[in-house]
Amino acid sequence: MDPELKIENLPQITLRPLGVADVDDFMVWAMDARVARFCTWEPYTSREDGLNYIQNTVVPHPWFKAICLNGRPIGAISVTENSGGDACRGELGYVLASEYWGKGITTTAVKMAVKAVFEERGEKLERVEALVDVDNVGSQRVLEKAGFCREGLLRRYVVLKGRTRDMVMFSLLSTDVGIL
Amino acid sequence: MDPTSRITLRPFKLTDVDDFLKYAGDETATRHMRWNPITSREEALTHLETVAIPHPWRRSIGLLDDDEDRSIGYISIFPGSGDDRSRANVGYILAAEYWGQGIVTAALRIAVSTVFADLPEVVRLQALVEVEHRASQRVLEKAGFLREGLLRKYGYCKGEIRDLFIYSLLSTDQRRI
């Protein structure tokens, strides 16, 4: 990949559903230990596992998109959907192949995703939130650049690969982006 | 007299039903709970049988100087599962006639002193409190909880979306007993 590539020169970043036909592109980031570092999963080792994940988790997911460069998936982004009194909030997650880090691609994808999900869910969704490991500074910068508000540090909040981790809570409200 | 010495915590029994109904059916006492007041003895019995008694950690609050050990409220601590097993949500309720005497703070301090041993996977207790609910925030602060932040428009309670403070207490935090 050309190291001089900058975001302004890149063709449009697009979001679209991720399907089983994308498994080989999926495996590029799924096998990468740098990408998996702050994820709940270990790097993938078999294409079969990749297919199973896409079929069983991605396809039925309420909102899960591939982040595409030139129409080819280089990462993924998702927003959960809750029920009852918690339907007002959705949790954002994302991964990007490490070769494309540091170019503003994830920030762009996040902005596109929150705009889309607020529009699709209407008044039902008021808050998109994201929990980021305290050591994952790169991901915290993505959210800050995308306009998220850092609400606080939640101590020993979650178990990640056998260890309890401090997580930073970020949120973006529909009123923050002037959607509703 | 220090309220802590007046408090007992114990699991619920079906025979608590009438005392339970007094506060669980009260609009004032249940105002900040996510559930609506329980209005019938039958509903109360069902709740005790299916929720309160099998609960992983729920304790009726009683007064030591009351020979009958009547339930005047409860502390509820509910652990997560899977990757969320390190944390547990704290909730509490007290009959309105007993407010303002430090009873919930005392009960919470007792709960905190035993719950980490009872639920060994839990290292974090957390509580979500409405921004307007100052009394509940004081209870948590006096029991040693730390306010970590404000979660904006976090969830609905009784039909309105709420901003909630999140508080936590870790098993490693210094605790006032």
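**Exercise 1. Work out how much area chain A and chain B bury between them, and which residues supply it.**

Step 1. Start with the total: about 2,200 Å² is buried between chain A and chain B, and 48% of it sits on carbon and sulfur atoms. Buried area is the accessible area (1.4 Å probe) that two parts lose on being put together, summed over both.

Step 2. Look at who supplies it on one side. A:Arg155, A:Arg156 and A:Tyr157 give 33% of the area that chain A buries against chain B, more than any other three residues.

Step 3. Count the residues. Chain A brings 25 residues to the contact and chain B brings 27 residues, where contact means heavy atoms within 4.5 Å.

A quick note before going on: this is a predicted model, in which local features need pLDDT of at least 70 and side-chain atom pairs count only at pLDDT 80 or more, while totals for chains, interfaces and linings use all residues. Residues are numbered from 1 along each chain as its sequence is written, chains are lettered from A and ligands numbered from 1 in the order in which they are written, and side-chain values use heavy atoms, with hydrogens and water left out.

**Exercise 2. Describe the polar and charged links between chain A and chain B, and the side of chain A that touches chain B.**

Step 1. Count the salt bridges: there are six between chain A and chain B. A salt bridge is a side-chain nitrogen of Lys or Arg within 4 Å of a carboxyl oxygen of Asp or Glu.

Step 2. Pick examples. A:Asp176 pairs with B:Arg152 in a salt bridge, with the closest N and O atoms 2.9 Å apart. Another salt bridge is formed by the side chains of B:Lys153 and A:Glu126 (3.4 Å, N to O). B:Lys153 lies in strand E6 (residues 146-157) of chain B and A:Glu126 in the loop between helix H4 (105-121) and E5 of chain A, so this pair joins two chains. Both B:Lys153 and A:Glu126 are buried, buried being under 20% relative accessible area, exposed over 50% and partly exposed in between (1.4 Å probe, protein chains only).

Step 3. Find the elements. Strand E5 (127-133), strand E6 (149-160) and strand E7 (163-173) of chain A are the ones that give two or more residues to the side touching chain B. E6(A) gives the most, with 10 residues. Helices (H or I, at least four residues) and strands (E, at least two) are DSSP runs, numbered from the N terminus.

Step 4. Sort the residues on that side of chain A: 10 are nonpolar, six polar and nine charged. Here Ala, Val, Leu, Ile, Met, Phe, Trp, Tyr, Cys and Pro count as nonpolar, Asp, Glu, Lys and Arg as charged, and the others, Gly among them, as polar.

**Exercise 3. Trace the salt bridge of A:Arg127 and A:Glu151.**

Step 1. The closest N and O atoms of A:Arg127 and A:Glu151 are 2.8 Å apart.

Step 2. A:Arg127 is in strand E5 of chain A and A:Glu151 in strand E6 of chain A, so the pair ties together parts that are 24 residues apart in sequence.

Step 3. Check burial: A:Arg127 is buried at a relative accessible area of 0%, and A:Glu151 is buried too, at 9%.

Step 4. Zoom out. A:Arg127 and A:Glu151 belong to a network of salt bridges whose other members include A:Asp176 and B:Arg152.

**Exercise 4. Locate B:Ser71 and list what surrounds it.**

Step 1. B:Ser71 sits in the loop between strand E2 (58-63) and strand E3 (73-79) of chain B.

Step 2. Is B:Ser71 buried or exposed? B:Ser71 is buried, with a relative accessible area of 4%.

Step 3. Leave aside neighbours within four places in sequence, and the contacts of B:Ser71 include B:Arg10, B:Phe12 and B:Asp16.

How values were computed. A polar contact is a pair of N or O atoms within 3.5 Å; within protein, one must be able to donate a hydrogen and the other to accept it, and residues adjacent in sequence count only if both atoms are side-chain atoms.
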